[in-house]
Amino acid sequence: MNANLRRFILACHILGQVTTERLTALLTGIGIDISKRQVVRLISEGLENFAAEDRDVLRAGLATAPWITVDDTSARHVHQDGYTTQIGDRRFTAFRTGRSKSRRRRRGAKRDAVA
């Protein structure tokens, strides 16, 4: 697969919130022979650079922020509660998602940022 195709798929999925089903239909509709499984792999593989960038943004933000906000939100997915914590100020935002809403998870995000 072409790197530009992966960029397009990631942009549609992440920025445009386009589902894998719709992406597959769109791509096959314009003549690209691709399966849903291939689309999922292009979205989910090789995310180490994104994870490193996310960690670095959180570290730099926490080190330099004059103030920080923390906000939790929850939603059910596959009949289980999930929680996302937003950490940031006017210059940066980081999100951490997990199964529990706890101070321990927040401390873990801060510890990751300091480590």
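The largest pocket is lined by L10, A11, I14, L15, L47, F50, E53 and D54. A pocket here is an open set of points on a 1 Å grid over the protein atoms alone, where a 1.4 Å probe fits, with protein on both sides within 12 Å along at least five of seven lines; lining residues have an atom within 4 Å of a point.

The model is predicted: local features need pLDDT of at least 70, side-chain atom pairs count only at pLDDT 80 or more, and totals for chains, interfaces and linings use all residues. Residues are numbered from 1 along each chain as its sequence is written, and side-chain values use heavy atoms, without hydrogens and water.

**Exercise 1.** Describe the largest pocket by volume, elements and residue class.

*Solution.* 
- Step 1: the volume is about 260 Å³.
- Step 2: α1 and α4 (48-64) are the elements that give two or more residues to the lining. Helices are DSSP runs (H or I, at least four residues), numbered from the N terminus.
- Step 3: the most comes from α1, with four residues.
- Step 4: six lining residues are nonpolar, none polar and two charged. Ala, Val, Leu, Ile, Met, Phe, Trp, Tyr, Cys and Pro count as nonpolar, Asp, Glu, Lys and Arg as charged, and the others, Gly among them, as polar.

**Exercise 2.** Characterise the packing of α1 (residues 3-15) on α2 (residues 20-29).

*Solution.* 
- Step 1: the two axes come within 10 Å and cross at roughly 135°. Axes are lines fitted to C-alpha atoms, for helices over the stretch in contact, with angles from 0 to 180 degrees between N-to-C directions.
- Step 2: α1 and α2 are therefore oblique to each other. Angles under 35 degrees count as roughly parallel, over 145 as roughly antiparallel, 65 to 115 as roughly perpendicular and the rest as oblique.
- Step 3: L5, F8, I9, C12 and H13 of α1 meet T20, L23, L26 and L27 of α2. Contact means heavy atoms within 4.5 Å.
- Step 4: this contact of α1 with α2 has seven nonpolar, two polar and no charged residues.

Technical notes: Points joined across faces, edges and corners; volume = space filled by probe spheres on them.
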